Amino acid sequence: MKTFLSVCLAVLAFQSTIVYAAQWDLIFAGQLLAIPGEPVANEQSVILKDGRVHSVEPGYIDPQSIDRSASDTLEIHDLKDHFVMPGFIDGHVHLTVYMASNESMNWVRMSEADFAIRGAKYAKDTLLAGFTTVRDMGAFSGDSIYAIRDGINNGDIIGPRTYVAGHTISINGGHGDITHSYKQSVADAIRSAGICDGVSECRKVVREQIRRTADHIKLTATAGVLSESAAGLEQQFFDDELKAIIDTAHLMGVKVAAHAHGAQGINAALRAGVDTIEHGTFLNQESIQLFVETGAYLSPTLSAGASMEPLVNDPNSFLTPIQREKSEMALTRGKQYVREAHNGGVNIALSTDAGVIEHGKNALEFELLVNWGGMTPMEAIKAGTINGADNIGKLDELGSIEAGKWGDIVAVKANPLEDIAVLKNIDFVMKEGEVYLNR
Ligand SMILES: [Zn+2]
């Protein structure tokens, strides 16, 4: 008994000597765009504690002036010759997908493990391009995308903070049904769990995504460019099915994003209360009015359109005649519609559809929002930071360098307000105070 007591006392004595040690980071920023949309400040100090922004102070402060205990650690990051800004947010990626010419064969051939390993690589490529947060907008297979999200959160693999939709919700034979033209036995074997027809089935598949811990719901309101379907680019779900999906998700506090190209489908989804329209290619004046009324976001994914250009121009590319016709329509329109939406006051969040484009090339979208979308470089950066955070519903944690938010910080050696294209070559990436790239 005496021995037991002395052991207990020894443990207590040991525990009382364990002191909590904080990790401090101090960034010296030559130029700092702390809050996109507000002015740039020169020679600033960004102080982080345990991965979150503690404060932003003018001038290069004396590290000794940080009020910390002796056991705390402090790391100094000298970015005096850099332009420093918040980490980027991509509102539309597919981390387990890469639409190379043989992707339809991969859907049959690849296992969940293959998708997870490939997705882990794409996640790393995305983070190293300066994108510290992404929304995954639908996986064709089951568990891998959740494993990637959770693996990143647990620190087992490297990647951006990832919010996932799980399976894309689509009608039978619709854009999210990958089994077009497959023989029946193969279609039965690989059909996505997100397929639904009618109000009751659609409620059920939404609840199944939420049960599997989906962060948001993705539905395909209209046909799509690359699906092997000649049904054009218009509405696919009926109005009552759209409303059933959106209401079911909202009832459980989950946002809904709708893939939509044709105006009829865009407007039906907006009227049904959707939170974001993905692509939005053929939006019209009524759409713009509905966007403004509802406050819904537009995720343009111009990069996906731009990536189609060489494939459309190459008569020997893998595009089938159906895909080619739809790609040509979308490409022409892609150079105009964001300008119309932007001028009409629509909320726009940067989105790429990475997976259709190469993962890690996400910053191309900044350039396209300027060149095709008519935005200023500052507006484009805002679309990829503050608007992205608002779009996800995480403006209190992400999107700017302000006290209390996550220490997600990127830097380049040139000024992106003078040449937006410099964002394609990021020199410094920090996520939650951890440095992943420092060239
Ligand atoms: Zn997509």
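Colleague: In β2, which residue is the bridge partner of Leu32?
Modeller: Ala41. Keep in mind that this is a predicted model.

Colleague: What makes β1 and β2 a pair of strands?
Modeller: Two strands count as paired if DSSP finds at least two bridges between them. Strand β1 (residues 23-32) and strand β2 (residues 41-49) have eight bridges, in the antiparallel sense. With eight bridges against a requirement of at least two, β1 and β2 are therefore called paired.

Colleague: How do you know that β2 also pairs with β3?
Modeller: By the bridge count again: β2 and β3 share six bridges, in the antiparallel sense. At least two are required, so this pair qualifies too. One of the links is from Ile47 to Ser55, its bridge partner in β3. In the hairpin of β2 and β3, two residues lie between the strands, and Asp50 takes a positive phi near 50°.

Colleague: Which sheet holds these strands, and in what order?
Modeller: An open sheet of seven strands, ordered β3-β2-β1-β4-β13-β14-β15, with mixed pairing.

Colleague: Why are β3 and β15 called edge strands?
Modeller: Each of them, β3 (52-58) and β15, pairs on one side only. On average, neighbouring strands in this sheet are turned by 25° against each other, direction ignored.

Colleague: What joins β4 to β13?
Modeller: Four bridges, with β4 and strand β13 (residues 409-412) running antiparallel. Against the requirement of at least two bridges, four is enough, so β4 and β13 are paired. Phe83 has Val412 as its bridge partner in β13.

Colleague: What is the pairing in the sheet that contains β8?
Modeller: Parallel; that open sheet has five strands in the order β8-β9-β10-β11-β12. Its edge strands are β8 (216-220) and β12 (347-348), each pairing on one side only. β8 runs parallel to strand β9 (residues 255-260) and is joined to β9 by five bridges. Among the residues involved, His216 has Lys255 as its bridge partner in β9.

Colleague: Why give both an angle and a distance?
Modeller: Because two packed helices are described by the angle between their axes and the distance between the axes. As for handedness, α3 passes α4 in a right-handed crossing.

Colleague: Which residues meet there?
Modeller: From α3, Glu112, Phe115, Ala116, Gly119, Ala120 and Ala123; from α4, Ser144, Ile145, Ala147, Ile148, Gly151 and Ile152. By class, this contact has eight nonpolar, three polar and one charged residues.

Colleague: Where are the domains divided?
Modeller: Domain 1 takes 19-87 + 401-438, and domain 2 takes 88-392. Their C-alpha centres lie 31 Å apart.

Colleague: How do you know that the two domains touch?
Modeller: Two residues are in contact if their C-beta atoms, placed from the backbone, lie within 7 Å. On that criterion, 18 residues of domain 1 are in contact with 20 residues of domain 2. On the domain 1 side, β4 (73-86), β14 (428-431) and β15 (434-438) each supply at least two residues. That side of domain 1 has 13 nonpolar, two polar and three charged residues.

Notes. Residues numbered from 1 in each chain as written. Predicted model: local features only at pLDDT ≥ 70, side-chain atom pairs only at ≥ 80, totals over all residues. Domains from an automatic or database assignment. Nonpolar A, V, L, I, M, F, W, Y, C, P; charged D, E, K, R; others polar. Axes fitted to C-alpha atoms, helices over the stretch in contact; angles between N-to-C directions. Left-handed = near helix turned anticlockwise from the far one by under 90°.
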